[in-house]
Amino acid sequence: MAPVPYRVVAKRAETAETVTLTLAPVGAAIPEPEPGQFTMMYAFGIGEVPISVSRTRPVLEQTIRAVGAVTGALCRAEAGQVIGLRGPFGTGWGVDEARGRDLVLAAGGIGLAPLRPAILRALARRDDYGRVAVLIGARTPGDLLFEDELETWRARGAQVEVTVDRPAPGWTGHVGLITALAGSADVDPSRAAAYVCGPEIMMRLTAQALAGLGTHPGRIRVSLERSMRCGIGWCGHCQLGPLLICRDGPVVPYESAVPLMAVKEL
Ligand SMILES: Cc1cc2nc3c(=O)[nH]c(=O)nc-3n(C[C@H](O)[C@H](O)[C@H](O)COP(=O)(O)OP(=O)(O)OC[C@H]3O[C@@H](n4cnc5c(N)ncnc54)[C@H](O)[C@@H]3O)c2cc1C
């Protein structure tokens, strides 16, 4: 339960309210996370929150949107500052299991952060996968994460489609809900695995659309979010039906998430 000290070695502003911190261990490191896993990040003296890993190697990165006291403090951390990490915790996307398949990675907003390690892993082992489609939805062009990396992902063999709810002057891309992009993924749905991360309504509708196009629901995974305390299945704070999300999630098969996501306010 003791946090391991990590130093912020670099900080990059992604959007007005979101930063990516590059972290290096002060002493011993935590084990390398799997894509989809999270750590409990501790802003000393303020509090600890679950944050997904947004890059696992060669450096550890975590991307944080300032919404409250702890995320606000983490976003204000500057290079040189020390924070605490516990983990990595939870389930991963299972990118290695999906070798040989086409991949669809669909992200809404900050949901691109937990998917980024899966994208980077698949592109680093490009020959192990069929077609790779990355579908991204953001509120406005200014809310897009990792914008300067999208061309690199395309150059490394991924189809990257971006849609925004509200375009800005000069925007020439798609406008509208990410669900409308599901059909534009240039993959064979019947042999694809799909990972979906974003607000619950976005995950529900996108997963439904992908299943409707022919991707087996058992190969669609979503990442659930609940308020957490211990991160290791002890305290019960993040219980959702039969699941403790910190231990049994956050990444779960869409099939097991469907009945839970269907219950409003659960
Ligand atoms: C497994 C997991 C992975 C996560 N990964 C990331 C990540 O990569 N990047 C990131 O920025 N955030 C991530 N989060 C969300 C993050 O943990 C919360 O934003 C954080 O706990 C808020 O703490 P706070 O003290 O800053 O704000 P609080 O004071 O706790 O909350 C401020 C406001 O945000 C709302 N809020 C708090 N927690 C959540 C939540 N989990 N979902 C929706 N609304 C919430 C509160 O209702 C309140 O309105 C993740 C959460 C989980 C469970």
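How many residues of the lining of the largest pocket are nonpolar, how many polar and how many charged?

Modeller: Bear in mind that this is a predicted model: local features need pLDDT of at least 70 and side-chain atom pairs count only at pLDDT 80 or more, while totals for chains, interfaces and linings use all residues. Residues are numbered from 1 along each chain as its sequence is written, and side-chain values use heavy atoms, with hydrogens and water left out.

The lining of the largest pocket splits into 24 nonpolar, 16 polar and 10 charged residues (Ala, Val, Leu, Ile, Met, Phe, Trp, Tyr, Cys and Pro count as nonpolar, Asp, Glu, Lys and Arg as charged, the others, Gly among them, as polar). That makes a lining of 50 residues, and R65, I110, G111, G198 and E225 are the ones nearest the pocket's centre. A pocket here is an open set of points on a 1 Å grid over the protein atoms alone, where a 1.4 Å probe fits, with protein on both sides within 12 Å along at least five of seven lines; lining residues have an atom within 4 Å of a point.

The volume comes to about 1,300 Å³, meaning the space filled by probe spheres set on the points, which are joined across faces, edges and corners. Domain 1 (4–89) and domain 2 (102–223) each supply at least three lining residues; their bounds come from an automatic or database domain assignment.

For contrast, look at the second largest pocket, with about 220 Å³ of space. Its lining also takes at least three residues from each of domain 1 and domain 2. The top contributor there is α2, with 4 residues. By class you'll find 4 nonpolar, 1 polar and 6 charged residues.

Technical notes
Helices (H or I, at least four residues) and strands (E, at least two) are DSSP runs, numbered from the N terminus.
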